[in-house]
Protein chains: 2
Amino acid sequence: MRVASRVLASDTRPVTRSAHGLAIRRATRLLEAFGPDRRTMTLTQLAHRTGLPLTTAHRLAGVLTECGLLERDDAGAYHVGLRLWEIAALAPRGLGLREVALPFMEDLYAVTQENVQLGIRDGLESVFVERLAGRLAVPVLTRVGGRFPLHPTALGRVLLAYAPPDVQEAVLARPLASFTPRTVTDPRALRKILAEVRSLGWAVNDRQVTMDSLSVAAPVRAGDGSVVAAVSVVVSAGSATANALAPMVRAAARGISRSLGSDTSD
Amino acid sequence: MRVASRVLASDTRPVTRSAHGLAIRRATRLLEAFGPDRRTMTLTQLAHRTGLPLTTAHRLAGVLTECGLLERDDAGAYHVGLRLWEIAALAPRGLGLREVALPFMEDLYAVTQENVQLGIRDGLESVFVERLAGRLAVPVLTRVGGRFPLHPTALGRVLLAYAPPDVQEAVLARPLASFTPRTVTDPRALRKILAEVRSLGWAVNDRQVTMDSLSVAAPVRAGDGSVVAAVSVVVSAGSATANALAPMVRAAARGISRSLGSDTSD
């Protein structure tokens, strides 16, 4: 693969200017126009949202529909297609990781009956890959496939604590959004929290995201010892202590790590 | 949307011949080359698998990687990217349905501790959208995001029993694959089974897929009363009777249907 890698690096520029590149980038823009608050869009909305001319959006949506990546409902509006979801189910950082983690998450759910979440870091944010939640569990702001800032959640704090230094500095250099009166938004305070996470091997979020939730997270490690994900449990604030939850969450995280080939402790 | 629909129908042909169409169809081919047994592929494997020239595969993979739809590992091999999975999480027939169904599936899992599955029909096959499975549950052949024939599974039989007549006839006209000595492969026998499913409101698969499993499924209905999915539980053959499982599975299916806006009984 070294040859291919070198070839790829040497002609990235001409490729990005090619007609193929333009078509695929535009198609990606069209796909990325969909969101949790706009799962279905008319052609006009798609064109407006992407900034593409109506005729171009129409042509692209037609091809994407033909390929099964988009689908149309009875009213003619577009939504993300099942075919895309089938392909995406093969993403190692998405459902691939989820398949390994699910049995351990279910154990954790069985003993807590609370929200159990699995997430990874992508850039300066976390992406939630899986969530198990009973109908009686405390409501959470996260969504499977959704992104969230790293600094307030227990899951995000684990991912950030074990991220490369440049990622940590990039997060600390930006304004830290506040969700509740208790959210830590001072970079120095957050830096101290991250050091504690590394020292303890787990993280806590006490009313940092909503005033009625507390969460505890632990790192999931790959075979090479690197932290590739985090697992967390979210409970009603006041219903359990972080110290009581931590051993259960760490046990689940270690189980997943072991299945991924890691023999290191967290 | 009627206007857009008419426009789309009138120029499907020129579109499919356009450069944009070619690029997107080729990119889709590249994405579809990945599978459960080949989640990671080198450029050479990708080219071989798609039948595209190495230089074309290389150019397309480069653009797809740049867009985040593909990712490369340390060795330079490609896999489906997290970005694609994030977009696909918005597919109403994939994770959208799953989000509504999950709490009811968890209830079913809590009382059975067995495999609980959610699936939909796409063409003449079923696609599994979600599965909860304990570490001690009976092994199953299905995979989230994977396809399976409709005729042998309880889930597939529900989906087939409530499918349009032309879909039923198309399935019955083809050879029915045999998985165990007990698999029903006679179209007349299957036709009778489908009538029973409609009459009972649920389906059973007794050692039709593996000799050590039994499954029971019930239909999930949308607000307009149409069957849009099925939910099933898979247990070790001999560990429980279909009659004992059916009420639980039907209750879960009705709960999901109610959340989808259906007020009909199954």
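Across the interface of chain B and chain A in this predicted model, 10 residue pairs are found in polar contact, with both residues of each pair at pLDDT 80 or more. On the side of chain B that touches chain A, the element giving the most is helix α7 (residues 92-112) of chain B, with 13 residues. Sorted by class, that side of chain B comprises 43 nonpolar, 17 polar and 22 charged residues.

The size of an interface is often given as the accessible area lost when the parts come together. Between chain B and chain A, the buried area is about 7000 Å², and carbon and sulfur atoms give 67% of this area. Chain B brings 82 residues to the contact, and chain A brings 81 residues.

Charged pairs also join the two chains. Between chain B and chain A, 8 salt bridges are counted, while the structure holds 26 salt bridges over all chains. Two individual pairs are set out below.

| Residue in chain B | Residue in chain A | N to O distance |
|---|---|---|
| B:Arg147 | A:Glu86 | 2.6 Å |
| B:Arg25 | A:Glu66 | 2.9 Å |

The pair of A:Glu66 and B:Arg25 is a salt bridge between side chains. This pair crosses between chains, with A:Glu66 placed in helix α5 (residues 54-66) of chain A and B:Arg25 in helix α3 (residues 19-32) of chain B.

Chain B also contains open sheets. One of these has 3 strands in the order β1-β3-β2 (chain B), paired in the antiparallel sense. Strands β1 (40-41) and β2 (70-72) of chain B stand at its edges; each has a single partner strand, so one side of each is left without a neighbour in the sheet. Strands of a sheet pair through backbone hydrogen bonds, either parallel or antiparallel. In chain B, β2(B) pairs with strand β3 (residues 78-80) over 3 bridges in the antiparallel sense. Within this sheet, B:Leu70 has B:Val80 in β3(B) as its bridge partner. Helix α5 (residues 54-66) of chain B lies across β2 and β3 of chain B, and runs at about 95 degrees to β2(B).

Another open sheet of chain B is formed by 6 strands in the order β6-β5-β4-β9-β8-β7, with antiparallel pairing. Its edge strands are β6 (147-149) and β7 (203-206) of chain B, each of which pairs on one side only. From one strand to the next, the twist averages 30 degrees. Strand β7(B) is joined by 4 bridges to strand β8 (residues 213-221) of chain B, and the two run antiparallel. The bridge partner of B:Ala203 in β8(B) is B:Ala217. Helix α11 (residues 242-259) of chain B packs on this sheet and touches β7, β8 and β9 (227-236) of chain B. The direction of helix α11 makes about 30 degrees with that of β8(B).

Conventions. Residues numbered from 1 in each chain as written. Chains lettered and ligands numbered in written order. Predicted model: local features only at pLDDT ≥ 70, side-chain atom pairs only at ≥ 80, totals over all residues. Heavy atoms only, no water. Pairing = 2+ DSSP bridges. Contact = heavy atoms within 4.5 Å. Axes fitted to C-alpha atoms, helices over the stretch in contact; angles between N-to-C directions. Buried area = accessible area lost by both parts, 1.4 Å probe. Salt bridge = Lys/Arg side-chain N within 4 Å of Asp/Glu carboxyl O. Polar contact = N/O pair within 3.5 Å; in protein donor to acceptor, adjacent residues only side chain to side chain. Nonpolar A, V, L, I, M, F, W, Y, C, P; charged D, E, K, R; others polar.
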